[in-house]
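Visitor: Please show me the structure, and then take me through it one step at a time.

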Amino acid sequence: MSDDTIFDKILRREVPSEAVYEDDDVYAFRDIEPQAPTHVLVIPKRKMESFADLADAKDAEVAGLMQGVSRVARELGLEDRGYRVVFNTGPDALQSVAYLHAHILGGRKLSWPPG
Ligand code: 5GP
């Protein structure tokens with residue numbers, strides 16, 4: 001088992017967060033340092049360290065996470081204008097929390113390519 005991260009503590013409600021969605025598979029909460037008018041993080045309830053771990057995950061876990069992300073974006077009203085889903089994975093991508101998380105970014109025109 002890997003080290004406890006801030007997201008483990010958020011999931012256990014030991015650290016407060018602003019929840020926007022929860023189901024059996026995922027928990028979603030607002031990023032503490034938003035990079036867009038809407039910036040939400042979605043984490044699987046069963047811990048994985050990064051997106052790379054999905055390669056070995058059960059189909060149901062992959063489906064639960066991906067459907068959760070899509071449902072959060074819908075709940076946030078982002079479907080019409082669009083949004084971006086980002087999984088920073090490992091050091092080159094500057095992943096700073098070793099708990100798999102999707103960023104959902106929306107509410108403004110986003111530039112491309114990312115830095
Ligand atoms: P990463 O860089 O790993 O892809 O993204 C980690 C994200 O977690 C960052 O956008 C950062 O702002 C967010 N974050 C870090 N600590 C906390 C926290 O305690 N609460 C919340 N809500 N977000 C956090």
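**Strands, ligand and backbone**

Visitor: Over how many bridges do strand 1 and strand 2 pair?
Guide: Strand 1 and strand 2 (residues 26-30) run in the antiparallel sense where they pair, pairing being at least two DSSP bridges between two strands. Strands here are DSSP runs of E with at least two residues, helices are runs of H or I with at least four, and both are numbered from the N terminus. For strand 1 and strand 2 the count is 3 bridges.

Visitor: What kind of model is this?
Guide: Residues are numbered from 1 along each chain as its sequence is written, and side-chain values use heavy atoms, without hydrogens or water. Local features need pLDDT of at least 70 and side-chain atom pairs pLDDT 80 or more, while totals for chains, interfaces and linings use all residues, because this is a predicted model.

Visitor: Which residue is the bridge partner of glutamate 22?
Guide: A hairpin joins strand 1 to strand 2 through 3 residues, and strand 1 covers 19-22, with glutamate 22 bridging to a residue in strand 2. That partner is tyrosine 27.

Visitor: Which are the edge strands of the sheet?
Guide: The open sheet has 5 strands, with antiparallel pairing, in the order 1-2-3-5-4. An edge strand here pairs on one side only, and the two that do so are strand 1 and strand 4 (83-86).

Visitor: Which element gives the most residues to the shell around the ligand?
Guide: The ligand is surrounded by 16 residues, each with a heavy atom within 4 Å, and the closest are Arg30, Asp31, Asn88, Ser96 and His103. With 3 residues, the element that gives the most is helix 1.

Visitor: How far is an oxygen atom of the ligand from the side chain of histidine 101?
Guide: Polar contacts are pairs of N or O atoms within 3.5 Å. A polar backbone atom of leucine 94 is 3.2 Å from a ligand oxygen, and a backbone N or O atom of valine 97 also lies 3.2 Å from an oxygen of the ligand. For an N or O atom in the side chain of histidine 101, the distance to a ligand oxygen is 2.9 Å.

Visitor: Which peptide bond is cis?
Guide: Most peptide bonds are trans, and most residues other than glycine have a negative phi. Arginine 13, in the loop between helix 1 and strand 1, has a positive phi near 65 degrees. Proline 113 lies in the segment after strand 5 (102-106), and the cis bond, with omega near 5 degrees, runs from tryptophan 112 to proline 113.

Key: A polar contact is a pair of N or O atoms within 3.5 Å; within protein, one must be able to donate a hydrogen and the other to accept it, and residues adjacent in sequence count only if both atoms are side-chain atoms.
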